[in-house]
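User: I would like to go through this assembly with you, starting with how its chains meet. Could you take my questions one at a time?

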Amino acid sequence: MRRSWKGLAAAGVVAAPVGVGVVYAAAAAVGLVGVSRPDGASGQRVARVLAEPAVWESTLWSLWVASASTILAGAAALGTAAVFRGPGRLDRSARSAAVLPLPIPHLVAGVLGLLILGQSGLLGRAAYALRLVQAPADVPALVYDGWGVGLILTLAWKEFAFLVLVAWSALAERGAALEEAARTLGASPGQTFRRVTAPVLLRAMLPAGVAVFTFILGSFEVAALLGPSDPLPLPVLTLERYTDADLGRRSDAFVLALLGIGLAALAVGGHEWARSRWPDLEG
Amino acid sequence: MTTGGLVVGGLEIGFGDAPGLRAISFSVARAERVAVVGASGSGKTTLLRAVAGLVPIHRGTVVVGSRDVTRLPPELRGAVYLHQSPVLFPHLTVGENVAFALRLRRVPERETLKRVQELLTAVGLPDFAPRAPRSLSGGQRHRVALARAVAAAPEVLLLDEPLSALDPTLRDEVRVALLGLQAEYSPALLLVTHDLDEAALMADRIAVLLNGTLAQVAPPAELFQRPDSLAVARFLGMRNEIPGRVRSGRFECALGSFPVPAGISAAGELVGIIPVDAVDVVPSPSGSARVLGVIHRVQGTSVLVSRNGVELEARAAASSTPKAGETVDLRIYPERLILLPAIA
Amino acid sequence: MRSRLRLLMAGVVILSAALPFAVLAVGSVAGEWRWPALVPSAIEGDAWTATLAGGTRLGPALLYSLALGLATGVLGTCVALPVGRAIAELHGWRRHLGAGMVFLPVAAPPIALGTGLQLTSLSVGLGGTFQGVLLAHLIPTTGYLSLFFVGILSVWDRRAEDEARTLGANPRQVLTRVTLPMLRPSIAAAAALGFLISWGQVPLTLLVGRGRVPTLPLEVFGYVQSGQERFAAAGALLLALPPLLALGAARLAARDVDVVPV
């Protein structure tokens, strides 16, 4: 009994700052405290901010980017993990190389995105060398673009390293035994991949995928460097409002902050719910 | 009562919702070896861990070396516990592993090193002190773990399935090391195992743990010849149960009437057990029993026979093993008959 | 055919991992670089020479970030190890609750956390200070590292600790002579992870530091926003190097120190 109290108290210490931040943001959002003069509690600001189309455009846009880059990175990780899992030299080289971006700060990925995918970046120059384009204007806009293609590619490149590492450790842990069982039961290599390897990997990668999705949804610096100005990615919009020249709009940022935290909580909660409904893999 | 050693009295342990262990009382004298046998899940390991102080007990006392240690933490009990697969500390060398308990007690370094060398020599690994644990074979690691345990100079050594994780070829190696160490340092030795042969080979006495309590504690020969109850007999794998009754000094059953062996007081409805090696088959064309099948084992050949509707397993001479379908005569040695009350 | 495809895929994987660092290196010394040339027509080393001569903000920022990262890694590990152990000792729903709680600081968007904490940090006099930013960096770090230790310690093999107890070690001796030495590789990994979380952090530094705490990522961010690509590339390379060195060191030190079963 005393032990459980101690464990939860310890967890509480680590979680407390988030609680302080959320409580403060909530108090500021309804006007109890804030950058502008506190003017008593009211839900007016919350209602006004949540009624702005720009806010919802930013939210949907950020959700799109997070989903697309997570799925792209996950699919690439799944394929790479399945192909390069052997003990051979090629496999080991691919494994060593694939995890290189893992510890690199996201900001570095953002700089790379600009240098490679930008309008005058290396990709456009390479396209010219291959006679695919004739002038800088012909290079499709991958950065600051409405669909966020450059941002998605950059984030997928960065998160691929993490997901492929998770996939490899899942394969190393129980892949071989399950696949051998499937093969002896009469499955072809292709069937084994579709019916055993891929489902097992997906299930093992899901928690990591949710973590990546949540992280990208809230990540600021790469979106600030590569995202469009309309709509602004949600984290960028949050900071923009927070530093708005109009002091009256600064507290809007707290509503957006709560929106961001809410979305993260929804993703994590949804994942826990899905996991509780699926049978455990460890059977 | 013996001086030193281990005395467990009235031990009671719950395991969650399960009934757990109750009324466990036994003792192990200095230099004695007692093996606790029981089915898997019967609580053998829990019993050992409770003696070591690693599991809380509900009731009862644990006395180690005439000191009541029931309320003491594991490190003050003088009882060293070894897991089925004992672990060597991976961050220490073999010598440092053996020195672990000595360093805890701040034994002077010169003496520590001397003692480590003695113990490693005693387990046949005199040159292994500087090696890393991961460079050792399974049997070598086991022997180092034993040396490390004995270095703590325990009153009691608690071994959980000490040989069952080892390849059969390594068992002798570890058993020899264990018996050698015990002969030299004389701790009381309590081991648990599911393997009766191992228990009989290693222990002076065997304690049978059935349904959460000790059903019988006896030397191997006595246990195998005189099990206390049908439950113990069945646990020991005894076959050839025949219901019958005792009337005027004779056990009457479907196989005939046999004198009750000397020294046994029995009356009324009972179950007789005729040990397999107390029935011989003798080939005979006009025999009263029919051979149902032949069972070959490493220890010898036995045959399954049927007489008067009773099926028996009997010993066959290797030279003249009958074939299925043949008729044989049975020669029963009534002095080996075991008579036990039927289980209600 | 199959092996050709594998070779092609391996090429893509290796190139996509290695090429970016070459791009940064070239970018950091690129002088005139007209479209569509694949390489710059002139080399300009000023980003590096100026940095070495103390003429850019990159050098001091690098040292500042190193100090901040080391402090975050060490302090974060010191907090997270006991927290992770306490949570790992919980059972059933309590462990899920505890793990969920320490997951909060990891999942909360840093920009949202930063806006909520900026004024709080100001009101206690920590806004715009090293200590304030350190505390801010410790928020996601302690959460992440606690989860890391919960993961390790929930499957921790207690046999070595049990045997040490019966060999005569009291709980404190078990901790210092068995548990911590056995955890040493994980502790080193945790400190490195904590360093990395601080090392790449932008939004929390921006908000709690109020622009007065000059970390390397903030300087790089500033160079990018002002269009000084050469300096941004040099800074990005400086940002990439310590993590790569750490990864390399981790690989070298990966002589696994697992429990040795007998």
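User: Before we start, what are the ground rules?
Analyst: This is a predicted model: local features need pLDDT of at least 70, side-chain atom pairs count only at pLDDT 80 or more, and totals for chains, interfaces and linings use all residues. Residues are numbered from 1 along each chain as its sequence is written, chains are lettered from A and ligands numbered from 1 in the order in which they are written, and side-chain values use heavy atoms, with hydrogens and water left out.

User: Which chains share the most contacts?
Analyst: Chains A and C do, of the two pairs of chains in contact; contact means heavy atoms within 4.5 Å. In that pair, 71 residues of chain A are in contact with 70 residues of chain C.

User: And where does that leave chain A and chain B?
Analyst: Chain A and chain B do not touch, and their nearest C-alpha atoms are 15 Å apart.

User: What area is buried between chain A and chain C?
Analyst: The value is about 6100 Å², with carbon and sulfur atoms giving 82% of it. Buried area is the accessible area (1.4 Å probe) that two parts lose on being put together, summed over both.

User: How many salt bridges are there between chain A and chain C?
Analyst: The count is one, taking a salt bridge as a side-chain nitrogen of Lys or Arg within 4 Å of a carboxyl oxygen of Asp or Glu. C:R6 and A:D91 form a salt bridge through their side chains, at 2.6 Å from N to O.

User: Which part of chain A gives the largest share of its side?
Analyst: Helix α1 (residues 2-29) of chain A does, with 15 residues on the side that touches chain C. Helices (H or I, at least four residues) and strands (E, at least two) are DSSP runs, numbered from the N terminus. By class, that side of chain A has 50 nonpolar, 16 polar and five charged residues. Here Ala, Val, Leu, Ile, Met, Phe, Trp, Tyr, Cys and Pro count as nonpolar, Asp, Glu, Lys and Arg as charged, and the others, Gly among them, as polar.

User: Now chain B against chain C, what is there?
Analyst: There, 31 residues of chain B are in contact with 25 residues of chain C. The buried area is about 2600 Å², of which carbon and sulfur atoms give 64%. Three salt bridges are counted between chain B and chain C; B:R49 and C:D162 meet in a salt bridge at 3.0 Å, N to O.

User: Which elements of chain B are involved?
Analyst: Those giving two or more residues to the side that touches chain C are α1 (44-52), β6 (79-82), β7 (87-88), α2 (94-104) and α4 (138-151) of chain B. α4(B) gives the most, with five residues. By class, this side of chain B has 19 nonpolar, five polar and seven charged residues.

User: Changing topic: what is the strand order in the open sheet of chain B?
Analyst: The five strands run β14-β13-β12-β15-β21 with antiparallel pairing, where two strands pair if DSSP finds at least two bridges between them. At the edges are β14 (256-259) and β21 (338-340) of chain B, each pairing on one side only.

User: And how are β12 and β13 joined?
Analyst: Four bridges join the antiparallel strands β12 (residues 241-247) and β13 (residues 250-253) of chain B. B:R245 stands opposite B:E252 in β13(B).

User: Last one: how many salt bridges over all chains?
Analyst: The whole structure has 31. Among them, A:R241 and A:D252 meet at 3.3 Å, N to O. This pair links distant parts of the chain, helix α10 (residues 234-242) and helix α12 (residues 252-277) of chain A, the two residues being eleven residues apart.
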